[in-house]
Amino acid sequence: MLYVVSCVVLLATTYLFFDKVLRCLKVGNYGNKYVFVTGCDSGFGQRLAIRLDGLGFHVFAGCLTDEGRKYLSSNCSKRLVTVHLDVTQTKSIQDALGLVKRSLPENTGLWGLVNNAGIVGMMGASELCSTEDYMQVFSVNLFGAMNVSKAFLPLLRKAGGRIVTITSMLGRIAVFASPYTVSKFALEGYMDLLRRELYNRGVRVILIEPGAFKTPIFDVKKIVGDVKSAFSEATAEVKDTYKTVVSSLEEHISKVVASSNTNIDLVVDDYIHGLTSMFPRTRYSPGPDAKMFYLPVSYLPTRFSDWLLQLP
């Protein structure tokens with residue numbers, strides 16, 4: 001028995017050692033690589049664009065606002081090109097694609113596409129959410145990423161590049177924020193499908209599944225206002241069911257935001273590793289809460305995870 005245990009430990013240690021070594025190998029030649037990033041107005045996307053520019057990549061930074069474009073233009077080198085992008089609009093995506101095609105040198109493809117754009121949307125219980133609440137979030141988090149990926153795939157195949165997409169730990173285990181959670185579950189499914197479709201076609205598909213991070217995406221007053229507005233229009237029976245939850249919602253969300261990780265570089269580091277490693281991981285889980293709570297809970301028997309994560 002001791003011999004078996006020793007062999008298992010030795011094999012595991014050897015595997016972890018070589019895995020660590022392989023993950024450290026970089027693709028290099030960043031100055032000849034082009035990356036398109038969506039959602040660069042703030043948060044992860046803005047920080048990623050700045051760091052990729054600092055590494056020498058040619059970056060196309062998709063921004064929804066003029067303020068986002070101006071900030072990046074004034075804080076980055078001339079290698080970085082800002083692009084107006086609304087991922088919910090087909091014309092905006094096609095215009096961005098046309099700009100990228102015109103900017104790429106002849107016979108050069110796109111090394112990386114980063115699907116970073118996302119919104120939180122309505123965070124009430126599912127009974128308080130309308131179809132429109134779901135569609136608003138899906139239009140950005142799911143359909144936006146799907147349509148951008150589809151548009152840029154020919155350029156990615158040309159370079160043997162990578163699609164790196166942010167989902168969430170809420171795309172692995174459903175807890176709250178119904179439209180957001182459902183959109184991330186769907187996005188995980190789409191990217192798993194795409195990864196297998198592209199397995200023998202030279203394009204890698206990588207997922208970033210972070211825990212809770214403090215970014216401008218969480219506007220507490222707006223979130224609470226939207227939930228209370230939906231609650232005011234609910235039936236008496238639904239109000240009676242969720243009145244305790246809604247009354248403590250602002251306090252709960254404020255605590256979640258206050259306890260969220262402020263070091264967004266943990267997420268950006270994984271983005272960069274996915275783009276620069278010769279042997280990137282298929283999934284990254286940045287954040288101690290992701291690694292130490294959400295991931296382990298996602299593997300528990302359902303009866304235990306349900307008990308842990310039940311709505312108060």
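Visitor: Where is the place of Asn 29?
Guide: This is a predicted model, in which local features need pLDDT of at least 70 and side-chain atom pairs count only at pLDDT 80 or more, while totals for chains, interfaces and linings use all residues. Residues are numbered from 1 along each chain as its sequence is written, and side-chain values use heavy atoms, with hydrogens and water left out. With helices (DSSP runs of H or I, at least four residues) and strands (runs of E, at least two) numbered from the N terminus, the place of Asn 29 is in the loop between α1 (2-24) and β1.

Visitor: Which residue has a positive phi of about 65° although it is not a glycine?
Guide: Most residues other than glycine have a negative phi. Asn 29 has a positive phi, of about 55°, although it is not a glycine. In the loop between α4 (90-103) and β4 lies Asn 107, and the residue with the positive phi of about 65° is Asn 107.

Visitor: Is Asn 107 buried or exposed?
Guide: Buried means under 20% relative accessible area, exposed over 50%, and partly exposed in between, with a 1.4 Å probe and protein chains only. Because its relative accessible area is 64%, Asn 107 is exposed.

Visitor: What distance separates the C-alpha atoms of Ser 130 and Leu 156?
Guide: Ser 130 has its place in the loop between β4 (112-115) and α5, and at 28% relative accessibility Ser 130 counts as partly exposed. Ser 130 and Leu 156 are 26 residues apart along the chain, and their C-alpha atoms are separated by 37 Å.

Visitor: How many aromatic pairs are there?
Guide: Rings of Phe, Tyr and Trp (its six-membered ring) pair if their centres lie within 6.5 Å, and planes under 30 degrees apart count as stacked, over 60 as edge-to-face and the rest as tilted. By this rule, the number of aromatic pairs comes to seven.

Visitor: How many residues apart are Tyr 34 and Phe 60?
Guide: Tyr 34 and Phe 60 form a stacked aromatic pair, with 6.2 Å centre to centre and 25° between the planes. This pair links distant parts of the chain, since Tyr 34 is in strand β1 (residues 34-37) and Phe 60 is in strand β2 (residues 58-63), which sets them apart by 26 residues.

Visitor: What is the angle between the planes of Tyr 134 and Phe 138?
Guide: Tyr 134 and Phe 138 are four residues apart in helix α5 (residues 131-141), and therefore separated by about one helical turn. Tyr 134 and Phe 138 form an edge-to-face pair, 6.3 Å centre to centre, and the angle between their planes is 90°.

Visitor: Which residues does Thr 181 touch, not counting residues up to four places away in sequence?
Guide: Thr 181 lies in helix α7 (residues 178-197) and is buried, with a relative accessible area of 5%. Taking contact to mean heavy atoms within 4.5 Å, and leaving out residues up to four places away in sequence, Thr 181 touches Leu 170, Ala 174 and Phe 176.

Visitor: How many nonpolar, polar and charged residues are in the lining of the second largest pocket?
Guide: Counting Ala, Val, Leu, Ile, Met, Phe, Trp, Tyr, Cys and Pro as nonpolar, Asp, Glu, Lys and Arg as charged, and the others, Gly among them, as polar, the lining divides into six nonpolar, two polar and three charged.
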